[in-house]
Amino acid sequence: MKEIKLKTRDGVNIAVNCFENNFDSVVILAPGWFMTKDSKSFKEMSKILSEYSDVMAFDFRGHGKSSGFYTFTRKEVIDILTVVQYAHKKYKKIYLMGFSLGGALVLIAGAKKHYIDKIIAISAPSCFDKIENKVWRKEAWIPTFQKFEFERWCSIRPALPIGKKIKPIDIVKEIKAPTLFMAGDKDPTVCCWHTKELFDNAVCEKRYELFENCFHAEDLFLQNKEKFVKLCVEWLFSE
């Protein structure tokens, strides 16, 4: 694994972990709010997926080793498209996999760039303003503290969550790439109806998978690793 830095058009440095095994395809992993490419779960996920494809996991602005401040999807599409443009020069196939707000952003990126081959959106909100985020529920705070990483928590630099944002529900019909939507039925942060609504409104080739007794975003991987990996591999790498 090597780390590179890419500069966005608005001057933000984006840190990217590259897992290169000479494949002609790449999976780009887009973590959600408060998660980074160096989180234990994302490093493990990257290594597993690198058996099937090259992998690029990156930190959005205001997270980890990237610069800038996180704007809660208002500017982060610039970050993901910077990584996509870099990958487009090297790979024949580009796959996007996003979690939570990262899931919203891979959908927005997919609507903008039609040379993206496949997408997986996990726990993606249909609209930022409708996110439930019931942090007082044990399904929210227990997984948060189980995933506690001091260095990651100290790296988060948010801007105020204000300003106009693209609503995934408004652009999902523009996506051409086959898209797999995943959600946890016990998700207290982005309730599963968000993902189902996005799936129902998508007109591309699509699939919806609801994980029973699972929570939010990367928790689907942590709580049911076998099913999660199997679905991702089948969706991305089966013709």
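Mentor: Let us begin with pairing: two strands pair if DSSP finds at least two bridges between them. Please keep in mind that this is a predicted model.

Trainee: What makes β3 and β4 paired strands?

Mentor: Strand β3, residues 25–30, is joined to strand β4, residues 54–58, by 4 bridges. The definition asks for at least two, so the two strands count as a pair. They run parallel, and V26 has D54 of β4 opposite.

Trainee: Why are β1 and β8 called edge strands?

Mentor: The sheet is open, with 8 strands in the order β1-β2-β4-β3-β5-β6-β7-β8 and mixed pairing. Both β1 (2–7) and β8 (206–211) pair on one side only. From one strand to the next, the twist averages 20 degrees.

Trainee: Which strands does helix α1 touch as it packs on the sheet?

Mentor: Helix α1, residues 40–49, touches β2, β3, β4 and β5. Its direction makes about 165 degrees with that of β3. Helix α3, residues 101–112, lies across β3, β5, β6 and β7, at about 145 degrees to β5.

Trainee: How do you know that V16 is in contact with K2?

Mentor: Contact means heavy atoms within 4.5 Å. By that criterion V16 is in contact with K2, and also with residues including I4, M56 and F58.

Trainee: Which residues touch the most other members of the largest nonpolar core?

Mentor: In this core of 43 residues, they are V16, I28, M56, F58, I80, L96 and L107. Helix α3 gives the most to the core, with 7 residues. A second, separate core has 28 residues, among them F19 and Y95.

Notes:
Residues numbered from 1 in each chain as written. Predicted model: local features only at pLDDT ≥ 70, side-chain atom pairs only at ≥ 80, totals over all residues. Heavy atoms only, no water. Axes fitted to C-alpha atoms, helices over the stretch in contact; angles between N-to-C directions. Core = buried A, V, L, I, M, F, W, Y, C linked by side-chain atoms within 4.5 Å. Buried < 20%, exposed > 50% of the residue type's maximum accessible area, 1.4 Å probe, protein only. Lists of a residue's contacts leave out its neighbours within four places in sequence.
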